[in-house]
Amino acid sequence: MVKKKIKKQGKNWKKFWKLGVDEFNTQFLGVSKDNELIATEGHHIYNLHDLAQKYETPLQVIFPFVLEDRLKDLMGYFQAYIKIYGYKGKFFYHYPMKVNQNKEFVLPLISEGANLEVTSANELWLVKKLWEGEKFNSKIRVLCNGPKTDQYLDLIEELRAKGMTIIPIIEGPEEIERISKYKGDVGVRVDLNIKVDTHWDKKFDRFGLSEKDILDLPKMKNLKILHYHLGSQIKTQKSILEGVKHAFSVYTELQKTHSSIDTLDIGGGFGIAHEKKKKFYTAKVVSSKIIKLLKNLSDKAGIKHPNLAIEWGWYIVDPAQITIYKVISKKYIDKANAKAWYIIDGSFMNDLKDTWAVHQKWHVIPVNNMASSLKRVWLAGSSCDSDDKYTAGGDYILLPKLNGEDQYIAILDTGAYQDALSSHHCLLSLPAKIIAHDGAIKIIRKHETAENVGKLFGWNGDPK
Ligand SMILES: *Cc1c(COP(=O)(O)O)cnc(C)c1O
């Protein structure tokens, strides 16, 4: 069956590896004449095989232009539909920093017009650093989610006093008293009483206030935002729209007691297609449907169109990074969907934690020998852990047969979450990190040495 598919595709390897396709977020990727993976930024071309050889693996390659293009397109869709439908509310994009806090991700997004959403005092501290470095316009709005420690609340108040627009979102009942005295705008998070189809099918949520508690909130003159977040990688557009619709009913109820409320923040959760089989919903269509839905609902309810805030993180940043490994060993497998293990010079458990945590599916392709005959394989990491593997859910991955040359593989769409979740099991080094921008390469993180890693565990030179 596989053979037939390869034959049918003929020599169109770009198509075979699902590159250059908008729907799969691989518009910028292609295959060179030498059958190597390339990325194109305007007139600049990066050869990923050359980069892997030069900078050595494991290697993360970040493409800031991908972030910029994605955000520009997304904001463009919402702004266009707001005009088309005559929607009166304003639109705000907030980048949820937890999805990738690296400076190389945050700064390009800010310069494209992103506001921010933070989850902890430490993330907010980065905002303070940006502001002190004058990389940050005070007009940018920062939403503060997550449980508020005193340290977190102090920092929120400190930054507001400096003139920044910092909006704490009430997460639990014990925050109400202090946040209701806050001098700026505030929001509240509701735990919507609906179940949607997300990557994590959680029965119980512990975030925000219940719908009932929201409606029992004491009077707060500065309450502006109703926020919810349904989870990551929502599987269908129906679920996204159901969330909006349900939240809108809470919004109208809340507005009866809190007339100051003017913004609905629908959180994150917009997914992208990792499995290159099924059709996936698109931002263009969903943005249109959200605006249309909100317009119809508010017109029907006879209320002002709410301002709309979104916090889609994964969708924006995931395709902006690729992780490259080298195959360092091969082992035969008897009687399985795959014929061999390919062991890589990095770790799924350390570098791509979601493989292990949520059984994430990845788009895996070769970096060189992209037109060679193929083998069904499973991938294994270099740690000693039997869970350090990727089998595409017990299926198989098609990769070139090894021919004596170094074989490199690329895992696409690794820009979201993986970096902050990464770890040092077996004291393996983290991947090095480079950034490809305007035709030039900059090293952001070198390969960790044994000494670097040892230090993290208290081995500071003095063995006593
Ligand atoms: C994690 C999170 C997001 C981002 O979710 P994605 O699935 O990456 O879009 C947005 N808002 C809140 C409150 C979050 O916790």
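I began with Asn-25, which counts as buried at 9% relative accessibility. This is a predicted model, and I read every entry below with that in mind. Asn-25 sits in the loop between helix H2 (13-16) and strand E1 (29-31). I noted its positive phi of about 60°, although Asn-25 is not a glycine.

I then looked up Lys-335, where phi is near 50°, again a positive value in a residue other than glycine. Lys-335 belongs to the loop between strand E14 (321-332) and strand E15 (340-344). Is Lys-335 buried or exposed? I found a relative accessible area of 84%, so Lys-335 is exposed.

Next I checked a peptide bond. Thr-57 and Pro-58 are joined in cis, with omega about -5°. I placed Pro-58 in the loop between helix H3 (48-55) and strand E4 (59-62).

I turned to helix packing. I looked up the axes of helix H4 (residues 64-84) and helix H5 (residues 103-111), which come within 9 Å and cross at roughly 35°. The crossing of H4 and H5 is right-handed. Which residues meet there? From H4 I listed Pro-64, Leu-67, Glu-68 and Leu-71, and from H5 Glu-104, Phe-105, Pro-108 and Leu-109.

Salt bridges came next, and the structure holds 17. I picked out the one between Lys-279 and Glu-23, at 3.9 Å from N to O. This pair links distant parts of the chain, 256 residues apart: Lys-279 is in the loop between strand E12 (263-265) and helix H11 (283-301), and Glu-23 is in the loop between H2 and E1. I recorded Lys-279 as exposed at 72% relative accessibility and Glu-23 as partly exposed, with a relative accessible area of 31%.

I also looked at Arg-178 and Asp-150, whose side chains meet in a salt bridge of 3.7 Å, N to O. Arg-178 lies in helix H8 (residues 176-180) and Asp-150 in helix H7 (residues 150-161), so the pair ties together parts 28 residues apart in sequence. Arg-178 is partly exposed at 27%, and Asp-150 is exposed at 54%. I found both in a network of salt bridges that also links Asp-154 and Glu-157.

Lys-162 forms a salt bridge with Glu-158, and I noted 2.9 Å between the closest N and O atoms. Lys-162 is partly exposed at 36%, as is Glu-158 at 30%.

Leu-427, Leu-456, Phe-457 and Trp-459 make a nonpolar patch of about 480 Å². I placed Phe-457 in the segment after helix H16 (450-456) and recorded it as partly exposed, with a relative accessible area of 48%.

Technical notes
Residues numbered from 1 in each chain as written. Predicted model: local features only at pLDDT ≥ 70, side-chain atom pairs only at ≥ 80, totals over all residues. Heavy atoms only, no water. Patch = residues over 30% accessible without salt bridge, like charges linked within 9 Å, V, L, I, M, F, W, Y side chains within 5 Å. Areas by Shrake-Rupley, 256 points an atom, 1.4 Å probe, with all protein chains shown as cover. Salt bridge = Lys/Arg side-chain N within 4 Å of Asp/Glu carboxyl O. Helix = DSSP H or I, 4+ residues; strand = E, 2+ residues; numbered from the N terminus. Buried < 20%, exposed > 50% of the residue type's maximum accessible area, 1.4 Å probe, protein only. Axes fitted to C-alpha atoms, helices over the stretch in contact; angles between N-to-C directions. Left-handed = near helix turned anticlockwise from the far one by under 90°. Contact = heavy atoms within 4.5 Å.
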